[in-house]
Amino acid sequence: MASDRPAATEPLEEIPCNLCGGRRARLLHERPYQPYLAQEEGAFTATTDEFQNYGRIVRCLDCGLAYTNPRPKIADIAAGYAACVDETYLSESTSRSINSHFSLNTVKRFVRSGRLLEVGASTGYFLNAARVDYEVAGLEPSEWACRIARERFGLEVHPETLESSRRFVPGSFDVVAMIDVIEHLPDPRAAVCRAAELLRPGGLLYFVTPDIGSLSARMLGGYWWGLRPAHLYYLDQSTIGKMLDSAGLEMVLIKSFGRIFSYGYWVSRLKHYPPWICGSLRWMIRWLDIGDKLLYLDTRDSVEICARKRGGS
Ligand SMILES: [Zn+2]
């Protein structure tokens, strides 16, 4: 059958550890992995239903970093995000605005004004909240998300990645934010180093990511929600500390990060668990008529981190 996509001759490649360059690793979890199929089904979207089929996840024997190996080639990953369209993401508009303020409140504890860059800005909820206090800029690989940010919020988000963009001067930002982004990046260490380069001395890197060292990640094992085809790296407190340190950043805060979503959305995130769990919860939500009501949950397996660039106050 004819296809617009390039032929996947060798879709996966073996990679060394991103943090220490080591190649010795032990298997953590394994599922089948079909990256092209996953891409077609929207595995690169934030609201994906694609949780299983995450391939082979290993842990570096030298530094402890967990990552997907083998994994798709960087060009294929980049093409997946550039083509990403996620209308479902917009259906939880109120929740996403509130969640943005949770992040913003944490950032403001350390830096209250100045220039703020968001990497992976998606459709602009966080930047829209942040521009009250900061002069904001955004990068986002999805052309669709950049268009929504422009149409909804009048924000100019550039369809570029942190690695490829050359529009910003080193030392020119007070804050760089990456919310639910670092685990998707092909080279997170390079991204953290580039973020540090863009920060002024004393500037703040803020990011949110799933925590594979959390209790629920350890209890749920291969069924943990954090394991999915679009996630390439799985950080914990130890590897986060090492990555920040290698980029000249000092961690000043790490804590669990809860969010608000509608009851209906939360239950939709459970599709890969046994059908009776999802079915019973759906029935209960319909019976109580609370599908659109908002619920704050902190499952303590997602963390927010603040790190200062060394050399400033
Ligand atoms: Zn390593």
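Analyst: A residue is buried if 20 or more other C-beta atoms lie within 10 Å of its own, exposed if 12 or fewer, and partly exposed in between, with the C-beta atoms placed from the backbone. Helices (H or I, at least four residues) and strands (E, at least two) are DSSP runs, numbered from the N terminus. In this model, 9 of the 12 residues of strand E10 (residues 199-210) are buried, so E10 is largely enclosed by the rest of the structure. The model is a predicted one, in which local features need pLDDT of at least 70, side-chain atom pairs count only at pLDDT 80 or more, and totals for chains, interfaces and linings use all residues. Residues are numbered from 1 along each chain as its sequence is written.

User: What pLDDT does the protein average?

Analyst: pLDDT is the predictor's confidence in each residue, from 0 to 100. The protein averages 89, and 91% of the residues score at least 70. Over residues 1-9, pLDDT stays under 50. For residues 1-9 the model has 2 contacts beyond four places in sequence, where two residues are in contact if their C-beta atoms, placed from the backbone, lie within 7 Å.

User: In what order do the 7 strands of the open sheet lie?

Analyst: Strands of a sheet pair through backbone hydrogen bonds, either parallel or antiparallel. Here two strands pair if DSSP finds at least two bridges between them. The 7 strands follow the order E8-E7-E6-E9-E10-E15-E12, with mixed pairing. At the edges are strand E8 (157-158) and strand E12 (249-256), each of which pairs on one side only. Within this sheet, strand E9 (residues 173-179) pairs with E10 in the parallel sense over 6 bridges, and valine 176 has leucine 205 in E10 as its bridge partner.

User: Which residues have the most contacts inside the largest nonpolar core?

Analyst: A nonpolar core is a set of buried Ala, Val, Leu, Ile, Met, Phe, Trp, Tyr and Cys residues joined through C-beta atoms within 7 Å. The largest one has 68 residues, and those with the most contacts inside it are Val175, Val176, Ala177, Ala195, Leu205 and Phe207. Leaving aside residues up to four places away in sequence, alanine 177 touches Ser103, Val107, Leu116, Glu118, Phe126, Tyr206 and Phe207.

User: Is alanine 130 buried or exposed?

Analyst: Alanine 130, found in helix H5, counts as buried because it has 24 C-beta neighbours inside 10 Å.

User: What is the phi of serine 122, and what is that of arginine 300?

Analyst: Serine 122 has a positive phi of about 50° although it is not a glycine. This serine lies in the loop between strand E6 (114-119) and helix H5 (125-130), and it is buried because 28 C-beta neighbours lie inside 10 Å. For arginine 300, also a residue other than glycine, phi is positive and near 60°. Arginine 300 occupies the loop between strand E14 (294-297) and strand E15 (302-309); with 15 other C-beta atoms within 10 Å, it is partly exposed.

User: Which peptide bond is cis?

Analyst: The bond from asparagine 69 to proline 70 is cis, with omega near 5°. Proline 70 is in the loop between strand E4 (66-68) and strand E5 (71-72).
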